[in-house]
2 protein chains.
Amino acid sequence: MPRVMLITAYDGTNYNGSAYQPEATTVEGMLMRALKGLTGEDVELIGASRTDAGVHALSNLFVFDTGSTVPPDKFSYALNSMLPEDIRIMKSMEVDSSFHPRHCNTVKTYQYRIWNADVMLPVKRLYAWHCSFDLDIQRMQAAAHYLEGTHDFTSFCNTQTQTPDHVRTVCSVGVFREGQEVVIEVKGKGFLYNMVRIIAGTLAMIGRGKGEPEDIINMLEAKDRSAAGPTAPANGLCLMKYEFPDKEVSL
Amino acid sequence: MPRVMLITAYDGTNYNGSAYQPEATTVEGMLMRALKGLTGEDVELIGASRTDAGVHALSNLFVFDTGSTVPPDKFSYALNSMLPEDIRIMKSMEVDSSFHPRHCNTVKTYQYRIWNADVMLPVKRLYAWHCSFDLDIQRMQAAAHYLEGTHDFTSFCNTQTQTPDHVRTVCSVGVFREGQEVVIEVKGKGFLYNMVRIIAGTLAMIGRGKGEPEDIINMLEAKDRSAAGPTAPANGLCLMKYEFPDKEVSL
């Protein structure tokens, strides 16, 4: 049976996250329903990243095995005609039958957007966190630097997590302005539950002058969620792209 | 009685346009309700530009006279606490009692956004028109040039208009790429009903190879709506800013 990969993009506003829940509207649930309609199969989807309710994606991956005669590259077109407009298959393709989107050496890029002005612009309200206080980008950049590398990120992880190992490798944390937005771009090989949102909340806290950039060192060492800053709201977060060791899968 | 100007921004998705209609949800209707709640007055608002259902604004102006004791610059804060998040007052200020936002020599800037790729990105779906066919920017720029200046724009006006005079001055029409978007930026002193959307639909038609840039000359001369291209959808359009002869009122 061929294994097919779907590169999906979605507006997370109307979904209870990406991962299937029997009683809630989720991105995976919508994909399963569309695939059932198209192929008649109850496929088992393997998602690359779980995103929280309200988090967006330009590129999240799902794979499934299918006995359908639909050519792998045609799933995108066929599924888009059955899916709501806030979920799109940007591309579909056949992958090796052993390919697993979580068991490969991928690098993921997330962006967290902060609308940094007195009043929130209505057309940005679903895609950025509104912070009206002044943010010092240089302080945020200095703090971000301490997060790069391989660390125990227990302090930057929701306490509800069920993952025992909290050591992760963050390749880079960039902070830059784009018009009235402050963008935090985090690249890494794996992330814990709420990790990027806690990084964003902590950098914003330091950016507004509460604490010093070097405090990140103590936060990491504490291995205690209460040592870091608040969890920034879900709507500012977007999963941007996946890079594979050999090839890049993105828009 | 002081005259107060509100610089408003809104996401037009959920509104039947900016201008008040007794039986429909409009931006002006929401402003009137919030002003009634704040001041107790049934104020008469004068809007600078009527925008269609689904059209967005970063800066549209409304003025009103008020006997309220609220300081003019505090209306923004007070009204924002009463308005839904898809309408914001970016700034409020006192203006001369003779100031009328439509009877002054303003220049308005509109942007029309086209998402030009095979698949529409979900997070852009409310703010851009999806055109999957290839658009030739240079052809669109050449066509845009013929629209600049003072012309009779009858061919670029909805036939339902009640305005008898169809001569308008378009200061400039720019066409440029921004990532996967094609942006059409139109500056002018006044616009007819649907004029920018018909300009966008016509430029896209020429950009995909249906007709030549010089055809704009004949379209203008025809003074007949059927001579120009289709009306592009409302959601791609955004009123960006107002410039006054002396000062600039914008974000």
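Student: Which parts of chain A do the buried residues of helix 5 pack against?

Tutor: Here is the general idea first: an α-helix has 3.6 residues a turn, so residues three or four places apart point the same way. In this predicted model, the buried residues of helix 5 of chain A pack against helix 3 (137-147), strand 7 (149-152) and helix 4 (195-207) of chain A. Contact means heavy atoms within 4.5 Å; helices (H or I, at least four residues) and strands (E, at least two) are DSSP runs numbered from the N terminus.

Student: Which residues of helix 5 of chain A are buried, and which are exposed?

Tutor: Ile216(A), Met219(A) and Leu220(A) are buried in helix 5 (residues 215-222). Viewed down the axis of helix 5 of chain A, its buried residues fall within an arc of 95°, so they line one face of the helix. That arc is taken from the directions from the helix axis to the C-beta atoms. Asn218(A) and Glu221(A), on the other side, are exposed. Buried is under 20% relative accessible area, exposed over 50%, and partly exposed in between (1.4 Å probe, protein chains only).

Student: How many salt bridges are there over all chains?

Tutor: Side chains of opposite charge can pair when their charged atoms come close. The cut-off is a side-chain nitrogen of Lys or Arg within 4 Å of a carboxyl oxygen of Asp or Glu. The whole structure holds 18 salt bridges over all chains. One of them joins Asp11(A) and Arg125(B), at 2.9 Å from N to O. This pair crosses between chains, from the loop between strand 1 (3-10) and helix 1 (27-39) of chain A to the loop between strand 5 (107-115) and strand 6 (129-130) of chain B. Both Asp11(A) and Arg125(B) are buried.

Student: What does Arg113(A) form a salt bridge with?

Tutor: Its partner is Glu178(A), with the closest N and O atoms 3.2 Å apart. Arg113(A) lies in strand 5 and Glu178(A) in strand 8 (residues 167-178) of chain A, so the pair ties together parts 65 residues apart in sequence. Glu181(A) is linked with Arg113(A) and Glu178(A) in a network of salt bridges.

Student: What rotation superposes chain B on chain A?

Tutor: Two copies of a chain are related by a rotation about an axis and a shift along it. Here a rotation of 180° with 0.0 Å of shift along its axis does it (RMSD 0.0 Å), the relation of a two-fold axis.

Student: What should I know about the numbering and the cut-offs?

Tutor: Residues are numbered from 1 along each chain as its sequence is written, and chains are lettered from A and ligands numbered from 1 in the order in which they are written. Local features need pLDDT of at least 70, side-chain atom pairs count only at pLDDT 80 or more, and totals for chains, interfaces and linings use all residues, while side-chain values use heavy atoms, leaving out hydrogens and water.

Note on methods
Copies are superposed by least squares on the C-alpha atoms of residues with pLDDT of at least 70 in both.
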